[in-house]
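This briefing concerns the structure shown below. Please read the points with the sequence and the coordinates at hand.

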Amino acid sequence: MATIPILVPIAYIVLLVGALLTFSRIYRKRAEARIAGQEPWFASHPERDTYISLLQLSPPPSDGLLKAALLRRAVADVHRILAFREDKAALQALLQKGSVGDDLWNSFLAAEKELEAEIVEVVNEAATFNPGWGQFIFQSASEMVNNQKNRELFLSIASLRAETDEKYGIKRPPPVTPAPKPVPATLSVSAPTTSAPTTPKKKANNIPLQVPTTSSPASSVNGDPSISPMGSPKAQGSSKKPKKKK
């Protein structure tokens with residue numbers, strides 16, 4: 001029986017390992033080229049570019065303008081965070097079913113890492129303006145996003161109602177607009193004339209006057225006719241008779 005030299009299995013093993021290494025290297029290069037050729041998860045970030053361009057201006061802009069640009073950048077990041085939360089669950093389900101390849105999942109993970117770096121950068125930039133603003137900038141941005149969604153929903157109520165009425169054949173009466181009120185004609189008003197105030201006349205009290213029945217010069221005292229025996233209580237009674245002389 002012929003013996004197999006020991007160099008044959010060694011050469012086989014070396015050939016097999018070299019083939020595997022070559023295949024893995026070629027596969028890796030193709031995967032990297034495929035990932036590099038794919039479009040990024042988000043095409044661009046205009047809010048970030050605007051903020052960076054403001055920072056690079058030779059006359060530095062005001063802090064208010066920079067804060068507004070940074071807040072708009074945080075609002076755009078909040079929109080991306082919400083999109084990532086929705087896409088991640090759906091992409092994981094498709095990946096488990098085998099509907100998508102690993103290249104799409106790797107692209108998603110790269111975009112997620114880029115977003116995390118973006119959030120850290122925004123927080124650090126906010127801390128340069130105010131030390132405590134970095135902790136609340138994304139909270140303010142979330143409130144702005146919710147307000148914008150509510151506003152868009154409120155503005156779309158009319159179109160949604162029209163679509164629903166057209167779909168189900170609902171006929172609504174047209175809205176009744178109130179008639180405009182007539183505008184009264186303008187009248188020319190003359191300037192008021194000033195006059196001296198008139199004092200109201202007082203009504204005389206109807207007080208009966210007591211008039212003596214008899215008046216004589218002898219009834220006056222010291223020539224004053226205003227003082228008479230009729231003013232005294234004794235004079236109002238019967239007059240005294242003169243005493244008779246004995």
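With which residue does Arg-48 form a salt bridge? The partner is Glu-118, and the closest N and O atoms are 3.7 Å apart; a salt bridge here is a side-chain nitrogen of Lys or Arg within 4 Å of a carboxyl oxygen of Asp or Glu. The model is predicted, so local features need pLDDT of at least 70 and side-chain atom pairs count only at pLDDT 80 or more, while totals for chains, interfaces and linings use all residues. Residues are numbered from 1 along each chain as its sequence is written, and side-chain values use heavy atoms, with hydrogens and water left out.

**Salt bridges**

- The count by this rule is four salt bridges.
- Arg-48 lies in helix H2 (residues 46-55) and Glu-118 in helix H4 (residues 102-129), so their pairing ties together parts that are 70 residues apart in sequence; helices are DSSP runs (H or I, at least four residues), numbered from the N terminus.
- Glu-118 also forms a salt bridge with Arg-73, where the closest N and O atoms are 2.6 Å apart. Because Arg-73 belongs to helix H3 and Glu-118 to helix H4, this pair joins parts 45 residues apart in sequence.
- A network of salt bridges links Arg-48, Arg-73, Glu-118 and Glu-121.
- Lys-88 forms a salt bridge with Glu-112, with 3.4 Å between the closest N and O atoms. Lys-88 is in helix H3 and Glu-112 in helix H4, so distant parts of the chain, 24 residues apart, are linked.

**Accessibility of the charged residues**

- Arg-73 and Glu-118 are both buried, that is, under 20% relative accessible area, whereas exposed is over 50% and partly exposed lies in between (1.4 Å probe, protein chains only). For Glu-118 the value is 5%.
- Arg-48 is partly exposed, at 24%.
- Lys-88 is partly exposed at 29%, and Glu-112 is partly exposed at 21%.

**Packing of H3 and H5**

- The axes of helix H3 (residues 63-97) and helix H5 (residues 137-155) come within 8 Å and cross at roughly 70 degrees. H3 is therefore roughly perpendicular to H5, a class that covers 65 to 115 degrees.
- Contacts (heavy atoms within 4.5 Å) involve residues of H3 including Leu-70, Val-78 and Leu-82, and residues of H5 including Phe-138, Met-144 and Val-145.

**Nonpolar surface**

- Tyr-12, Ile-13, Leu-16, Val-17, Leu-20 and Leu-21 make a nonpolar surface patch of about 620 Å².
- Val-17 lies in helix H1 (residues 7-37) and is partly exposed, with a relative accessible area of 42%.
- Patch residues have over 30% relative accessible area and no salt bridge, with nonpolar side chains (Val, Leu, Ile, Met, Phe, Trp, Tyr) joined within 5 Å.

Key. Patch = residues over 30% accessible without salt bridge, like charges linked within 9 Å, V, L, I, M, F, W, Y side chains within 5 Å. Areas by Shrake-Rupley, 256 points an atom, 1.4 Å probe, with all protein chains shown as cover. Helix = DSSP H or I, 4+ residues; strand = E, 2+ residues; numbered from the N terminus. Axes fitted to C-alpha atoms, helices over the stretch in contact; angles between N-to-C directions. Parallel < 35°, antiparallel > 145°, perpendicular 65-115°, else oblique.
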